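Try each task yourself before you read its solution.

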Amino acid sequence: MTAAGRSRGGLSIGAVLAQLRSDFPDVTISKIRFLESEGLVRPARTASGYRQFTTADVERLRFILAAQRDRYLPLKVIKEQLEAADQGASKALRTADPAPAAGHRVTREDLLARAGIEPGVLADLEQHGLIKAGAGGFYDHEAVQIASTVRAMVEHGLEARHLRPFRAAADREIGLVEQVLTTVHRQRDRARVEEVVRELAALSVTLHTLLVKVGLRDVPGNRI
C-alpha cells in the first residue's frame with residue numbers, strides 16, 4: 001500500500017474504492033460519501049479533515065453494498081441490522097441478516113421473529129399476495145426479506161393493503177422479463193439466464209426508484 005493509498009492510521013477513500021471495485025464495479029467515491037452521510041459507515045478524520053477507513057469500515061461497506069445488490073434491502077433496514085450488530089446483538093455482520101440463507105425455509109413463527117412483524121401484518125401480506133407460504137407452510141428467505149421491508153414501510157404509516165400496487169407492478173415486470181428470457185433460454189446457457197435475471201431485476205428497481213423520486217418532486221412541500 002502506497003502512502004497515497006494509506007493515510008496515517010487508516011485507508012484513504014480512494015484506497016477503499018480500489019478494494020471494493022473488484023466485487024462492486026459500480027461503486028463510486030460519491031456512493032461511499034453518501035453512505036457516510038446516511039450514518040451507515042463512520043470513518044475517522046485527520047486533523048485536516050481527510051477520511052481514515054479501517055479494515056472493519058471496508059467490511060461494513062461490503063456488507064451494505066452486497067445487501068443492496070443481492071437482496072435489494074432498503075438502507076433503513078440495512079442500518080437497523082448494522083446498529084444491532086454494533087450493539088452486540090450479533091457476533092458478526094453476516095449474521096445480522098434477518099433472512100435465512102437461500103434455499104433454507106423457516107416456520108411462520110421464525111419469519112415473524114426475524115422480520116419483527118405481528119401475525120396480523122403477515123396475514124394481510126398473504127391476503128394481498130405479497131407473501132405466500134410454500135409446501136408444508138414454510139417460507140423462503142425472500143419472504144423474510146419482504147416482511148422485513150414491509151415492516152420498515154409500516155413504520156412510515158403505510159399498511160399492507162396499501163402495497164398491493166407493488167404486487168401488480170412486479171407481476172407486470174415479470175411478464176416483460178419473461179419475454180426477454182424466452183430468447184435467452186434458446187441459447188441453453190443457464191449462467192447467462194441467471195445473469196440477465198439479476199441485471200433486469202436491478203435495473204427494474206433502479207427505474208422504479210427514479211420514477212417515484214421524479215414523481216414526488218411535484219408533491220407540495222417536497223424538496224427531493
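The exercises below go from the whole chain to single residues.

This is a predicted model, in which local features need pLDDT of at least 70 and side-chain atom pairs count only at pLDDT 80 or more, while totals for chains, interfaces and linings use all residues. Residues are numbered from 1 along each chain as its sequence is written, and side-chain values use heavy atoms, with hydrogens and water left out.

**Exercise 1. The overall plan**

Find out how many helices and strands the protein has, and in what order they run.

Step 1. Helices (H or I, at least four residues) and strands (E, at least two) are DSSP runs, numbered from the N terminus.
Step 2. Counting these runs gives nine helices and four strands.
Step 3. Starting at the N terminus, their order is β-β-α-α-β-β-α-α-α-α-α-α-α.
Step 4. Of the 224 residues, 31% count as buried; buried means under 20% relative accessible area, exposed over 50%, and partly exposed in between (1.4 Å probe, protein chains only).

**Exercise 2. A closer look at helix 3**

Compare the length of helix 3 with its expected span, then list its buried residues and what covers them.

Step 1. Helix 3 covers residues 55–71, which is 17 residues.
Step 2. The expected span of a helix is 1.5 Å times one less than its number of residues.
Step 3. The buried residues here are Asp57, Val58, Arg60, Leu61, Phe63, Ile64, Leu65, Ala67 and Arg71.
Step 4. Their cover includes helix 1 (13–21), helix 2 (29–37) and helix 4 (75–86).
Step 5. Just after helix 3, Tyr72 has a positive phi of about 55°.

**Exercise 3. The nonpolar cores**

Step 1. A nonpolar core is a set of buried Ala, Val, Leu, Ile, Met, Phe, Trp, Tyr and Cys residues joined through side-chain atoms within 4.5 Å.
Step 2. The largest one has 25 residues, and those with the most contacts inside it are Val16, Leu20, Ile32, Phe53, Leu61 and Ile78.
Step 3. Helix 3 gives the most, with six residues.
Step 4. Apart from this core lies another, of 16 residues, among them Val106, Leu112, Leu130 and Ala160.
Step 5. Now return to Leu61: not counting residues up to four places away in sequence, Leu61 touches Val16, Leu20, Ile32, Leu35, Val41 and Phe53, where contact means heavy atoms within 4.5 Å.

**Exercise 4. Buried or exposed?**

Decide whether Phe24, Leu176 and Leu216 are buried, exposed or partly exposed.

Step 1. Phe24 lies in the loop between helix 1 and helix 2, and Phe24 counts as buried because its relative accessible area is 9%.
Step 2. Among the residues Phe24 touches, beyond those up to four places away in sequence, are Arg62 and Leu65.
Step 3. Phe24 and Leu65 are 41 residues apart in sequence, but their C-alpha atoms are 7.5 Å apart in space.
Step 4. Leu176, in helix 8 (residues 164–185), is exposed because its relative accessible area is 55%.
Step 5. Leu216, in helix 9 (residues 190–216), has 36% relative accessibility and therefore counts as partly exposed.
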